[in-house]
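Subject: Structure handover

Hello,

Here is the structure we discussed, followed by notes on what was found in it. Please read the notes with the model open.

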Amino acid sequence: MRFAVSLLSVLGIASIIGTVLQQGQQQTDYVVKFGPFWSQIFGFLGLYDVYASAWFVLIMLFLVVSTSLCLIRNVPPFLREIKSFRVNASKKSLAAMRHTVELPAAITPEVAARYLEVQGFSSKTVTREDGSVLVAAKKGAMNKWGYIFAHTALIVICTGGLIDSNLLLKIGMLSGRIVPDNQAVFAKDFKPESVLDSGNISFRGNVNISEGQSADVVFLNADKGLLVQDLPFSVELKKFHIDFYNTGMPKDFASDLVVTDKKTGRKTEQTIRVNHPLTVDGITIYQASFADGGSDLIFKAWNLADGSRTPVKLNATSMREFPLDLGKQKYRLEFDQFTAMNVEDMSTPSEKKNTDFQTAVNDARAVKQDKKFTNIGPSVVYRIRNAAGQAVEYKNYMLPVKQEDGWFYVTGTRQGLDQQYRWLRIPMDKQGKTDTFMALREFLKDAEARKQAVHKATANTPADVRAQFTLAADNTLSIFAQGGYLALNDFLEKNIPQAEREKMQRSFYQILYGAMNSVLDEALVRYNLPAWPQNEERNRFLLHAMDAYTGLTEYPAPMLLQLDGYKEVRSSGLQMTRSPGASLVYLGSVLLVLGTVFMFYIREKRAWLLFSDGRIRFSMSSSRNERDLQKEFPEHTQRLNRLAEDLNHDANP
């Protein structure tokens with residue numbers, strides 16, 4: 001019993017894990033959630049498919065077998081006990097009971113039997129060979145049925161779990177008849193041994209369907225690969241609907257489906273949503289998730305190998321791959337999901353009022369850690385993969401994002417799923433665009449243009465120091481143009497003694513800021529952009545532009561992509577299950593409730609009245625909770641005595 005209770009506790013804990021932890025997801029999803037170490041540990045323990053894991057199935061098998069044997073052994077005696085009135089109780093055994101008393105010999109067996117029946121007992125009167133008469137009674141016999149129901153419930157629930165645990169699928173995989181595929185991408189590419197026919201008695205699979213498309217298979221996660229499960233019908237997604245809260249979080253989503261039977265051609269049209277599934281041919285279709293279905297995207301693209309401010313237009317489709325050829329360099333653009341509305345953690349560093357050169361270097365290198373969740377509109381995730389197969393992931397937002405005292409076009413980069421994004425923030429100009437920053441960048445790349453800007457900036461300096469100051473400004477601007485703040489920092493560390501470095505950092509920063517002010521003025525004139533008078537907004541823009549320029553010098557991509565437009569196509573994530581064992585689980589749950597009620601709320605009680613030698617022996621017993629009898633037995637004794645007195649009074653007026 002203790003061992004069985006321990007196993008049931010293990011199953012209970014495992015079921016909690018299976019409920020809290022989303023089951024049957026891609027391995028990469030678990031790596032993102034738990035990291036590479038713990039994701040492998042949890043995978044080894046089978047926590048990603050708890051109900052079909054080997055240890056879970058073995059425990060259920062053991063419980064079914066052991067509980068069945070227990071019932072086979074105990075049910076026949078229980079049934080006999082339920083029917084029995086225990087009429088063989090002897091005078092000695094009745095006298096030895098805890099609750100027993102002798103009554104006045106003033107009532108007959110018929111009166112005693114009638115009294116017990118009125119009190120809810122079933123009675124049986126037996127005349128023995130010695131002339132004594134025994135009235136045996138009982139009530140609460142359903143208590144024994146509680147034991148039977150509870151144990152039967154355990155068998156039924158575990159049997160239902162075994163049916164839905166893909167036990168036959170596991171056996172097929174062990175025998176080699178079924179082989180998961182970890183290479184095929186499309187259903188048509190799976191080998192025959194990786195395809196399950198529509199007669200499979202139990203399965204749980206997922207499929208994503210884009211608007212206007214249909215599917216007649218689902219994909220099952222199995223071991224380290226996938227299996228394709230054929231369906232007896234096809235499912236078409238006519239339209240996907242989604243509502244959002246004001247924060248941008250999804251409020252409700254639903255799918256307009258058309259289900260067409262392959263044999264009869266019968267069509268079933270229905271809208272499903274979360275917790276409102278559709279069942280067809282014993283297969284239940286759940287609204288599980290939603291995603292991008294391959295949206296049309298328009299990008300502005302700048303080749304970072306040159307300084308041109310003019311982008312080229314790039315058309316792409318999310319969830320697709322495209323070749324990217326930049327001269328001799330060959331890349332692949334791998335677009336992931338597009339999200340039209342989302343809430344993200346857009347962390348920003350605190351702006352410092354007293355900004356110096358070293359602070360600017362630290363800000364440019366820092367990974368933002370402060371969390372701030374905001375709805376920031378459309379975004380897309382993509383990867384650029386080089387010829388060696390190495391890829392960097394990017395996340396770009398279409399709309400400018402408000403961060404502290406400015407608006408920015410932001411792009412995040414990371415080289416692994418276990419890393420945080422590092423954010424490139426390009427400041428928005430007065431027109432809400434990136435034109436001013438890109439013009440400033442192109443201007444900085446032009447050495448002659450830089451010289452002209454420096455000469456204009458130093459025109460009003462005293463003549464005796466003008467040449468030296470012009471040279472210093474030109475060199476500072478040239479170093480910054482090559483690598484931003486980081487290049488200036490490297491120059492100082494290599495050429496300036498440690499004792500003078502802090503002083504020179506401040507000087508370099510002042511020279512650089514003055515030169516950049518002149519560069520901005522000249523860039524606006526050169527590229528026919530609106531003039532921008534000196535004010536606080538312009539000063540903030542210039543500081544942020546210098547940070548962004550530094551970030552671009554270390555940007556891990558050959559080109560910068562900025563999402564500029566889209567036509568959204570949505571995809572509905574459907575989960576389809578055939579689980580005949582669910583009905584058994586429901587039945588077992590009902591039996592378990594009944595068994596619990598019968599065992600704990602119905603008390604089996606027995607009573608005997610033995611008429612022998614002119615005496616009456618009244619005894620009672622209970623299978624559980626003797627405290628009830630401590631109260632009831634004196635009450636019954638008192639009533640029987642009163643009944644005897646009343647009958648005796650009527651007989652002797």
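Helices (H or I, at least four residues) and strands (E, at least two) are DSSP runs, numbered from the N terminus. The model is predicted, with local features needing pLDDT of at least 70 and side-chain atom pairs counting only at pLDDT 80 or more, while totals for chains, interfaces and linings use all residues. Residues are numbered from 1 along each chain as its sequence is written, and side-chain values use heavy atoms, with hydrogens and water left out.

Individual helix residues

Serine 175 lies in helix H7, which covers residues 167–175. Serine 175 has a relative accessible area of 55% and is therefore exposed (buried means under 20% relative accessible area, exposed over 50%, partly exposed in between, with a 1.4 Å probe and protein chains only). A polar atom of the serine 175 side chain is 2.9 Å from the backbone oxygen of glycine 172.

Asparagine 143 is in helix H6 (residues 142–163). Its relative accessibility is 9%, so asparagine 143 counts as buried. Leaving aside residues up to four places away in sequence, asparagine 143 touches Phe598, Met599, Ile602, Glu604 and Ser623 (contact means heavy atoms within 4.5 Å).

Asparagine 489 belongs to helix H11. Asparagine 489 also counts as buried, because its relative accessibility is 4%. From asparagine 489 to glutamine 26 there are 463 residues in sequence and 44 Å in space, C-alpha to C-alpha.

Helix packing

Two packed helices are described by the angle between their axes and the distance between the axes. Axes here are lines fitted to C-alpha atoms, for helices over the stretch in contact, and angles run from 0 to 180 degrees between N-to-C directions. Angles under 35 degrees count as roughly parallel, over 145 as roughly antiparallel, 65 to 115 as roughly perpendicular and the rest as oblique.

Helix H11 (residues 463–495) and helix H13 (residues 536–553) cross at roughly 95°, and their axes come within 7 Å. H11 is therefore roughly perpendicular to H13. On the H11 side the contact is made by Phe480, Ala481, Gln482, Gly483, Gly484, Tyr485 and Leu486, and on the H13 side by Met546, Asp547, Tyr549, Thr550 and Thr553. The residues of this contact of H11 with H13 divide into six nonpolar, five polar and one charged (Ala, Val, Leu, Ile, Met, Phe, Trp, Tyr, Cys and Pro count as nonpolar, Asp, Glu, Lys and Arg as charged, and the others, Gly among them, as polar).

Helix H10 (residues 447–457) packs with helix H12 (residues 498–526) at an angle of about 120°, the axes being 9 Å apart. H10 and H12 are therefore oblique to each other. H10 contributes Ala449, Ala453, Lys456 and Ala457 to the contact, and H12 contributes Ser518, Val519, Glu522 and Arg526. The residues of the contact of H10 with H12 comprise four nonpolar, one polar and three charged.

Positive phi in loops

Most residues other than glycine have a negative phi. Methionine 319 has a positive phi, near 65°. Methionine 319 sits in the loop between strand E13 (312–317) and strand E14 (321–326), and its relative accessibility of 36% makes it partly exposed.

Aspartate 613, not a glycine either, has a positive phi of about 55°. The loop that holds aspartate 613 runs between strand E25 (605–612) and strand E26 (615–622). With a relative accessible area of 68%, aspartate 613 is exposed.

Regards

Technical notes:
Polar contact = N/O pair within 3.5 Å; in protein donor to acceptor, adjacent residues only side chain to side chain.
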